[in-house]
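Subject: A structure to look through

Dear colleague,

I am passing on a structure that I would like you to open beside this message. Please look through it slowly, and then read the notes that follow.

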Amino acid sequence: MIRQNRNLWVSLLLLATCGSISRAEEPAVKDLPATLTQIQSAIKSSGAKWVAGETSLSRLSRSDWQHRVGLGFAPVKAPRLLMMAAPQATPASVDWRDHNGNFVSGIRDQGQCGSCWAFSMTGALESYVLLNQNKPGTDLNLSEQVLISCGGVGSCNGGQLDASYLQSTGLPPASYYPYTATNGTCTTAKPGWKTHTYKIGTWGSVDQNLDAIKSALATYGPLPIAFYVYEDFMHYKGGIYSYTTGKELGGHGVLLVGYNDAEQYFIVKNSWGPGWGENGFFRIAYSQMSNSVNFGLSTIAYHSGQSSQMMSQQKAAAHHISADETLQLIEPFLQQRP
């Protein structure tokens, strides 16, 4: 009940507070070796399966850390994905980086801007295009800056996993508006960019349960997904992450690209550059769905075609016969009656 009330309160926020304009000069961790030793001790005592060490983020200020997250957990305004398509049986493991080719674009770096939500949804669009065009191994680079400056669902102060803009307008290649790590203005984009966009067909929300998320990932490809980030996560070097120690920093949007049932973890693409984690990726335990990390709190998926529900309605309409049409069909037989 406490967790449900907390999620309800957070869902009322439109934007995360991580984008505060104030910036601390001092590093968040004054004694990094001591802090790493403390985290390593907590990992050992809890039986966690990950490695803590100095990363590209370890010596940043707390304000800079908070600019690396930035997601408002407003309710997702989209039909539930399981209403759009029936869940399918899922394999024991999936990794879209190696699934008859690599359908995951390269690691990006959001910098000091709370735009994780934009990188999450743009990364999913890049994978969506590669899958639908069957172009594995292509590092398609679309413009997060257009989504930030024109999309209307967030800024460097945080945002939401709302893909409406990707459906209505879409995103052009990054060359039409390179990333600036600022809010920017839509008019700054190069003229004609709207004629060179990639769009999604439709999108939907995914229930926060393991089977639904695995099914959606296996069926539709990489998924924008969110969770709560804690201080120990800044020092993640590798392994299967589970929370051990530290204060909450805020909500964070990332891209889910795989899972492994045998070892009970998800594979996730982050937007903190290749100097963090496992070359920019991380693994996180299934167990982190049911604690304060709340992995999968907000998840969406892109779908190229019409929903099963819509197609069923159209099929029923195609087979529907009006009263007038029925009369026309039986009228010859009525005229033959004595």
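A residue is called buried if its relative accessible area is under 20%, exposed if that area is over 50%, and partly exposed in between, with a 1.4 Å probe and protein chains only. Please keep in mind that this is a predicted model, in which local features need pLDDT of at least 70 and side-chain atom pairs count only at pLDDT 80 or more, while totals for chains, interfaces and linings use all residues. Residues are numbered from 1 along each chain as its sequence is written, and side-chain values use heavy atoms, with hydrogens and water left out.

Let me begin with two strands; here helices (H or I, at least four residues) and strands (E, at least two) are DSSP runs, numbered from the N terminus. Strand S1, residues 49-52, has Trp 50 and Ala 52 on its covered face, whereas Lys 49 and Val 51 are on the uncovered one. In a regular strand the side chains alternate between the two faces of the sheet. S1 pairs with strand S7 (residues 236-241) in the antiparallel sense over 4 bridges, where pairing requires that DSSP finds at least two bridges between the strands. Ala 52 has Tyr 236 as its bridge partner in S7.

The aromatic rings come next. Rings of Phe, Tyr and Trp (its six-membered ring) pair if their centres lie within 6.5 Å, and planes under 30 degrees apart count as stacked, over 60 as edge-to-face and the rest as tilted. By this rule there are 21 aromatic pairs. In one of them, the ring centres of Trp 50 and Tyr 236 are 6.0 Å apart and the planes are at 35°, so the pair is tilted. This pair links distant parts of the chain, since Trp 50 in S1 and Tyr 236 in S7 are 186 residues apart. Are these two residues buried or exposed? Trp 50 is buried, because its relative accessible area is 4%, and Tyr 236 counts as buried because its relative accessibility is 0%.

Phe 233 and Phe 282 form an edge-to-face pair, 5.0 Å centre to centre with 85° between the planes. Phe 233 lies in the loop between strand S6 (223-230) and S7, and Phe 282 in strand S10 (residues 281-285), so the pair ties together parts that are 49 residues apart in sequence. Both Phe 233 and Phe 282 are buried. Ring pairs also link a cluster that includes Trp 50, Phe 233, Tyr 236, Phe 266 and Phe 282.

Now to the interior. A nonpolar core is a set of buried Ala, Val, Leu, Ile, Met, Phe, Trp, Tyr and Cys residues joined through side-chain atoms within 4.5 Å. The largest one has 85 residues, and Met 121, Phe 266 and Tyr 302 have the most contacts inside it. Helix H5 gives the largest share of this core, 8 residues. Contact in general means heavy atoms within 4.5 Å; leaving aside neighbours within four places in sequence, Phe 266 is in contact with several residues, among them Ile 213, Phe 282 and Phe 295.

Thr 122 also has its place in H5, residues 116-133. Thr 122 counts as buried because its relative accessibility is 0%, and, with neighbours within four places in sequence left aside, Thr 122 is in contact with Leu 142, Glu 144, Leu 147 and Leu 171.

With best wishes
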